[in-house]
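Student: Could we go through this one together, starting with the rings and then moving on to how the helices pack?

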Amino acid sequence: MSERTVVSWNTIIAGYSQWGRYGEALSLVSSMHHRGVKLNETTLSKVLSVCTNSRSSYDGRQIHCLVLKSGFEDFEYVGSALMYFYANCFEIKEAKQVFKEFHGNNDLLWSVMLAGYVHCDHMDEALALFMKMPERGIVAWTTLISGFARRVDGGEKALELFRWLRETNEAVPNEFTFDCVLRTCGRLRSQSVGRVVHGLVVKSGYECDQSIGSAITEFYCESEAIDEARKVYEKMSQPSLNASNSLIGGLIFAGRIEDAELIFSGLTTNPISYNLMIKGYAMNDRVADSKGLFEKMPMKTLISINTMISVYCRTGEIEKALNLFEEVKGGRNSVTWNSMISGYIQYSMHEEAFKLYETMRRLAIHRTRSTFSALLYACSSLGSLQLGRQLQAQLLKASFELNVYVGTSLIDMYSRCGCIDDARVSFASISSPNVAAWTALINGYAHHRLGSEAILLFEQMLQQGVNPNAATFVGILAACGHSGLIDKGMNFFHMMKDYGLKPKLEHYACVVDLLGRSGYLKEAEEFIKEMPIEADGVIWGALLSSCRFSGDVEMGERAAEKMFSVDPKTASAYVILSNIYALSGRWKEKRKLRKHLRALEVKKDPGRSWIELNTKVHVFSVEDRIHPQCNDGHRQRVVNKHVCAPPFLVSAPQRKL
């Protein structure tokens with residue numbers, strides 16, 4: 001060009017920026033400045049946008065100096081671009097300084113500063129700024145609501161803000177507001193609020209919007225209202241891929257794999273749908289279909305490989321999972337590592353899991369909450385308090401200790417390792433415990449036979465506005481059973497319907513155990529007969545165990561017979577019934593039962609003891625000859641028998657009568 005104006009320079013800079021060639025765009029600005037071409041408001045706004053997108057903090061600061069020299073800081077778009085740059089680079093202190101100096105002349109800076117706080121997750125400061133805003137439009141409301149919605153523990157606050165928006169009528173919700181609120185309702189399983197929002201969407205005319213349709217479908221799937229989700233999906237003229245995948249995921253979770261197949265068959269090839277179906281087949285024990293679909297994938301992504309590692313681990317094919325893990329050696333992400341670690345833990349290969357974790361640390365692979373949750377579960381299974389404490393120390397460094405999911409795993413680990421006080425401390429460290437965290441501590445109290453404490457905690461949970469789920473009721477019923485609190489336990493059982501929960505086999509088993517432990521055997525048997533679903537071996541086992549304590553042979557025989565009809569080789573039923581016969585002096589029946597048990601070649605799993613030494617857990621069982629140090633242990637036991645025996649047993653002469 002014979003003559004380059006500032007407009008032509010701005011156009012070419014904008015072009016480079018649009019194509020993501022930020023280095024060339026910055027070089028052009030530098031060249032423009034050195035040639036004495038005066039940068040205008042548009043140039044400075046565009047170059048600050050380039051610095052924002054490229055996260056170039058050094059170049060952005062230099063442009064800030066040019067802005068101050070040129071006096072353009074008071075211009076609306078330059079000031080906004082400058083503040084947006086600092087906020088996006090997580091330099092919130094500098095963004096606050098720009099806002100403090102120029103917000104009086106630039107109303108747009110209020111919205112940009114709010115977005116900056118939300119982007120940096122400074123939600124307390126965002127809320128304080130929001131309250132001071134001279135004018136709050138729907139963009140400001142949606143920005144704040146979405147900020148809280150993104151937080152793990154901010155969903156309730158997001159819904160509270162939405163209710164406030166409707167009460168104040170300051171602004172009319174738009175499609176972005178509804179999208180955010182619906183997805184929050186789904187995540188919180190808040191079906192009543194979600195249905196109200198759905199009604200507002202229809203009233204506002206946004207139901208045909210693809211993004212909103214996808215959000216409504218996802219909400220109903222998350223709320224386990226799969227038929228409503230399908231109705232919404234079928235009304236959509238051209239369902240988006242996100243909506244289709246949400247419905248496939250919901251159908252799989254509901255166990256309706258055939259319906260999911262129908263949706264999948266009508267979609268264009270895409271990796272997300274493939275991954276959902278691969279996982280869905282595995283969850284429904286159709287492993288061959290899962291493997292076949294994986295092989296058919298036109299292009300295997302890292303996500304599909306991660307999914308298949310989980311599938312192989314689920315089916316116990318650890319070697320195949322490990323082969324896939326090794327295949328993606330150069331491109332693994334945190335999910336790949338977590339999948340393999342979880343697979344090892346699932347099959348009690350704890351040592352391999354911790355070795356893999358150490359490799360992960362050595363290679364500086366980013367550890368997520370799933371990494372720590374899986375390893376803490378391993379510590380719980382091992383009963384390794386020492387390893388658990390070491391992991392907690394690493395949690396502090398990784399800033400995960402206050403995370404509600406990791407905190408819940410800590411509660412579970414300490415409870416199982418016998419440290420209920422530490423479990424309480426871990427619970428107290430969670431700023432906004434969800435239902436899983438409350439349930440974990442209730443289970444801990446149940447495990448430690450602290451029924452009254454469990455009930456008190458359950459009542460506190462309700463006072464905090466947290467609704468119990470099915471797992472919570474299993475915990476509180478178990479706590480009542482261990483503490484003999486029959487009336488309280490039955491009240492809790494009947495309370496389930498108040499929360500829209502239908503008792504499952506595990507709840508009925510807890511009630512049978514509750515009644516049986518307290519000596520109400522006839523009531524327990526009648527309760528089983530009146531159940532709307534068929535009792536399984538666990539429920540009859542709970543009754544049989546109660547018969548052992550009371551010595552009721554006839555009822556014990558009936559319960560055992562039911563267990564044999566479910567599984568003829570249930571070793572525990574033979575052993576418990578045999579003990580009942582022995583307690584009643586019916587030795588003939590006991591011998592006959594033991595003989596029958598030997599003929600079936602069924603063995604009861606032996607009881608185990610363990611000791612932790614130098615972060616390694618050593619497990620022993622009766623007549624153990626597998627452990628490499630078992631001979632040393634037996635020799636030491638013989639030595640201790642003499643060395644530790646009281647002197648009068650060793651040296652006293654035999655007395656003649």
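**Aromatic pairs and a helix contact**

Student: How many aromatic pairs does the count come to?

Tutor: This is a predicted model, and in it the count comes to 17 aromatic pairs. In one of them, the ring centres of F130 and W164 are 6.3 Å apart with the planes at 70°, and because angles over 60 degrees count as edge-to-face, this pair is edge-to-face.

Student: Where do F130 and W164 sit in the chain?

Tutor: F130 belongs to helix α8 (residues 123-132) and W164 to helix α10 (residues 155-168), so that the pair links distant parts of the chain, 34 residues apart.

Student: And is F130 buried or exposed?

Tutor: F130 is buried, its relative accessible area being 0%, whereas W164 is partly exposed at 27%. The face of F130 also has R136 lying over it, at 4.7 Å from the ring centre.

Student: Which residues do ring pairs link into a cluster?

Tutor: F458, F473, F492 and Y499 are linked in that way. Within this group, F473 and Y499 form a tilted pair, with 6.3 Å from centre to centre and 50° between the planes.

Student: Switching to helices, at what angle do α7 and α9 pack?

Tutor: Helix α7 (residues 108-119) and helix α9 (residues 138-150) pack at about 5°, with their axes 9 Å apart. Since angles under 35 degrees count as roughly parallel, α7 is roughly parallel to α9.

Student: Which residues meet there?

Tutor: From α7, L114, A115 and V118 meet A140, T143, L144, G147 and R150 of α9, and the residues of this contact divide into 5 nonpolar, 2 polar and 1 charged.

Technical notes. Residues are numbered from 1 along each chain as its sequence is written. This is a predicted model: local features need pLDDT of at least 70, side-chain atom pairs count only at pLDDT 80 or more; totals for chains, interfaces and linings use all residues. Side-chain values use heavy atoms; hydrogens and water are left out. Axes are lines fitted to C-alpha atoms, for helices over the stretch in contact, and angles run from 0 to 180 degrees between N-to-C directions. Helices (H or I, at least four residues) and strands (E, at least two) are DSSP runs, numbered from the N terminus. Angles under 35 degrees count as roughly parallel, over 145 as roughly antiparallel, 65 to 115 as roughly perpendicular and the rest as oblique. Contact means heavy atoms within 4.5 Å. Ala, Val, Leu, Ile, Met, Phe, Trp, Tyr, Cys and Pro count as nonpolar, Asp, Glu, Lys and Arg as charged, and the others, Gly among them, as polar. Rings of Phe, Tyr and Trp (its six-membered ring) pair if their centres lie within 6.5 Å; planes under 30 degrees apart count as stacked, over 60 as edge-to-face and the rest as tilted. Buried means under 20% relative accessible area, exposed over 50%, partly exposed in between (1.4 Å probe, protein chains only). A charge sits over a ring if NZ of Lys or CZ of Arg is within 6 Å of the ring centre and within 35 degrees of the ring normal.
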